[in-house]
Amino acid sequence: MKKVMLDCDPGHDDAIAIMLACASSELEILGITTVAGNQTGEKTFTNALKILTLIGEDLPVARGFDKPLFQELVTAPEIHGETGLDGADFPAPSVKPCEAHAVNFIVETLLSADDPVYLVPTGPLTNIAGALLLAPGVKEKIKRIVLMGGGVLESNKTPAAEFNIYVDPEAAKIVFESGIPITMVGLDATNKALFSLEDIEALSRLSGKVSTVAARLLTFYAEQLEKFSGVRGAYLHDPLTVAAVIDPAVLDTRFLHVDIETKGEFTRGATVVDLYGVTGKKPNAEVSFGLDLSKFKGLVFDAIKRLDERWA
Ligand code: BDR
Ligand code: CA
């Protein structure tokens, strides 16, 4: 089994990523850490506890940074609502939170792991950068960072930047310059990881405890996305990271050099990808361009069905 730690800011697509990870027989999840991003630190933390309670999974959940390293927090209520998970009702969280700060929890878990661990960040990279700053030695314990963020030709928060990188560009720079193997699951691939309205209806027809909540979440999220970008369906950005750990063949990637723009007047938070090798810098990330959509959808449907069966 692949050992994994999830670092997230739930968030509708983060919620589906957690479901996919928890249902997988290929992954051993060592814990979940949360970060401020889609909503405040308090809300994303509570949301992670609610999701785990819904799916019947008792994992350690540690709360991390409430704001980015050097700038004020930017949230996304226009996409994820006031709670960060608008659109569905959840049971009151019964999973007991971890006392440690996320950064300490990540460092301690990595240092005590027998085998290298996959880190799967699906929010701003503040906690991951914090862990690397606090204990650079943990690098040896990280097998790969498979992160949702950035884009080569695509952006969503500004004309140049994707949301997760835009919220904490300095943290992203620390991560991309760390020398750790990275898979950048960016918008060029995740904008193609679209659950159509028909897919959401099919999920709803499963009528299980988890599928019903997942379908309601995706319905709300799709409505918001349609208002803001005109798309019909739900971008499953974050679950594609988990799918790529379960089965790397789900992604089309190229090994390229990525710099993070931290200074640009119009481009702060952009991932500057050296497509043609013109910088002469060594590649530092497997950069995603596309995916096997039917394989991906199959993984998500199977996972949610499996979670429904826990309550059948
Ligand atoms: C990313 O931003 C967040 O709103 C989503 O959860 C995803 O991680 C997409 O740009
Ligand atoms: Ca996210």
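Asp-9 and Asp-14 are both buried, where buried means under 20% relative accessible area, exposed over 50% and partly exposed in between, with a 1.4 Å probe and protein chains only.

The model is predicted, so that local features need pLDDT of at least 70 and side-chain atom pairs count only at pLDDT 80 or more, while totals for chains, interfaces and linings use all residues. Residues are numbered from 1 along each chain as its sequence is written, chains are lettered from A and ligands numbered from 1 in the order in which they are written, and side-chain values use heavy atoms, with hydrogens and water left out.

An open sheet of nine strands, with mixed pairing, has the order E3-E2-E1-E4-E5-E6-E11-E9-E10. The edge strands, E3 (61-63) and E10 (271-274), each pair on one side only, and the twist averages 30° from one strand to the next. Strands (E, at least two residues) and helices (H or I, at least four) are DSSP runs numbered from the N terminus, and two strands pair if DSSP finds at least two bridges between them.

| Strand pair | Sense and bridges |
|---|---|
| E5 (residues 142-148) and E6 | parallel, four bridges |
| E6 and E11 (residues 285-291) | parallel, two bridges |
| E9 (residues 251-260) and E10 | antiparallel, four bridges |

Within strand E6 (residues 182-185), Ile-182 and Met-184 point one way and Thr-183 and Val-185 the other, and all are buried. Met-184 stands opposite Leu-147 and also opposite Val-287 in E11.

Contact means heavy atoms within 4.5 Å; axes are lines fitted to C-alpha atoms, for helices over the stretch in contact, and angles run from 0 to 180 degrees between N-to-C directions.

Helix H5 (residues 126-134) is largely enclosed by the rest of the structure, because seven of its nine residues are buried. These are Thr-126, Asn-127, Ile-128, Ala-129, Gly-130, Ala-131 and Leu-132, and what covers them includes strand E1 (2-8), E2, helix H4 (102-112), strand E4 (117-121), E5 and H7.

The axes of helix H10 (residues 209-229) and helix H12 (residues 293-310) come within 6 Å and cross at roughly 135°. The two helices are therefore oblique to each other, given that angles under 35 degrees count as roughly parallel, over 145 as roughly antiparallel, 65 to 115 as roughly perpendicular and the rest as oblique. Their contact is made by Lys-209, Val-210, Ser-211 and Ala-214 of H10 and by Ile-304, Leu-307 and Asp-308 of H12.

With a disulfide taken as a pair of cysteine sulfur atoms within 2.5 Å, the count comes to zero. Cys-8 is in no disulfide, as the nearest cysteine sulfur, that of Cys-22, is 9.8 Å away, and Cys-8 counts as buried at 1% relative accessibility. The sulfur of Cys-98 is 13 Å from the closest cysteine sulfur, in Cys-8, which is too far for a bond.
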